[in-house]
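These are my notebook entries on a single protein chain. I set down what I looked up, entry by entry.

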Amino acid sequence: MKNYVKKAGDRTEFPTRERCFIRELANIGDISRFSIAECRVAPGVTTELHSLSVDEWYVMLRGTGMVEVNHCEPVKVSPGDVVEIPAGTAQRITNHDTEDLLFLGVCLPRFTPDAYLSLIHISEPTRRTPISYAVFCLK
């Protein structure tokens with residue numbers, strides 16, 4: 001008989017190198033099609049510039065912030081907004097509010113740690129080798 005209910009594992013919030021806190025809500029090895037995490041960014045924090053090898057959506061729950069996708073002009077986000085971030089796209093979010101910024105991170109397929117790529121080297125002013133890349137921002 002098929003098991004239609006997956007029991008929650010450890011849902012303890014943990015810090016990440018990205019400078020946010022994650023609480024996995026649904027990230028189960030035998031469900032590879034998606035994952036859902038609750039993401040929390042403290043006031044005054046900007047997450048690390050990064051990309052994922054999976055598609056991701058932010059579903060904004062609490063607080064306000066500025067999200068930057070694909071090196072485009074940052075856009076203000078607030079509860080109810082949904083941010084689409086295609087796989088391989090640079091992203092980061094800043095909390096300019098006085099309360100925590102809380103959102104769901106929904107990934108398809110499932111997020112695993114090897115899906116994360118830090119892009120912090122792109123913005124380092126001490127980098128000796130220039131980086132060039134095409135950026136397309138749709139208005």
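Entry 1, terms and source. I call a residue buried under 20% relative accessible area, exposed over 50%, and partly exposed in between, with a 1.4 Å probe and protein chains only. I am working on a predicted model, in which local features need pLDDT of at least 70 and side-chain atom pairs count only at pLDDT 80 or more, while totals for chains, interfaces and linings use all residues. Residues are numbered from 1 along each chain as its sequence is written, and side-chain values use heavy atoms, with hydrogens and water left out.

I took helices (H or I, at least four residues) and strands (E, at least two) as DSSP runs, numbered from the N terminus. I found zero helices and eleven strands in the protein. Read from the N terminus, the order of elements is β-β-β-β-β-β-β-β-β-β-β.

Of the 139 residues in the protein, 33% are buried.

By contact I mean heavy atoms within 4.5 Å. Among contacts with a separation of 6 or more, 68% join residues 24 or more positions apart.

In soluble globular proteins, nonpolar side chains tend to be buried together. I used "nonpolar core" for a set of buried Ala, Val, Leu, Ile, Met, Phe, Trp, Tyr and Cys residues joined through side-chain atoms within 4.5 Å. The largest such core has 15 residues, and Y58, M60, V67, V83, I93 and F103 have the most contacts inside it. Two or more residues come from each of β3 (35–41), β5 (55–62), β6 (65–69), β8 (82–85) and β10 (101–108). With three residues, β3 gives the most to this core. I then listed the partners of V83: leaving aside residues up to four places away in sequence, V83 touches E56, W57, Y58, V67, V69 and V77. Another core, of five residues, lies apart from the largest one and includes L52, V54, C107 and Y116.

Entry 7, salt bridges. I counted a salt bridge where a side-chain nitrogen of Lys or Arg is within 4 Å of a carboxyl oxygen of Asp or Glu. The search of the whole structure gave seven. In one of them, R40 pairs with E13, with the closest N and O atoms 2.7 Å apart. This pair links distant parts of the chain, R40 being in strand β3 and E13 in the segment before β1 (14–15), 27 residues apart. R40 counts as buried because its relative accessibility is 18%, whereas E13, at 33%, counts as partly exposed.

R40 also forms a salt bridge with D100, the closest N and O atoms being 3.2 Å apart. D100 lies in the loop between β9 (91–94) and β10, so this pair ties together parts that are 60 residues apart in sequence. D100 has a relative accessible area of 22% and is therefore partly exposed. I recorded E13, R40 and D100 as linked in a network of salt bridges.

A further salt bridge joins R62 and E99, with 3.9 Å between the closest N and O atoms. R62 is in strand β5 and E99 in the loop between β9 and β10, so parts 37 residues apart in sequence are tied together. Both ends are partly exposed, R62 at 37% and E99 at 36%.

Most residues other than glycine have a negative phi, and most peptide bonds are trans. Which residues are joined by a cis peptide bond? I found L108 and P109, with omega about -10°; P109 lies in the loop between β10 and β11 (116–118).

I noted a positive phi, near 75°, for R19, in the loop between β1 and β2 (21–26). R19 is partly exposed, at 43% relative accessible area. N70 likewise has a positive phi, near 60°, and lies in the loop between β6 and β7 (75–77). With a relative accessible area of 24%, N70 is partly exposed.
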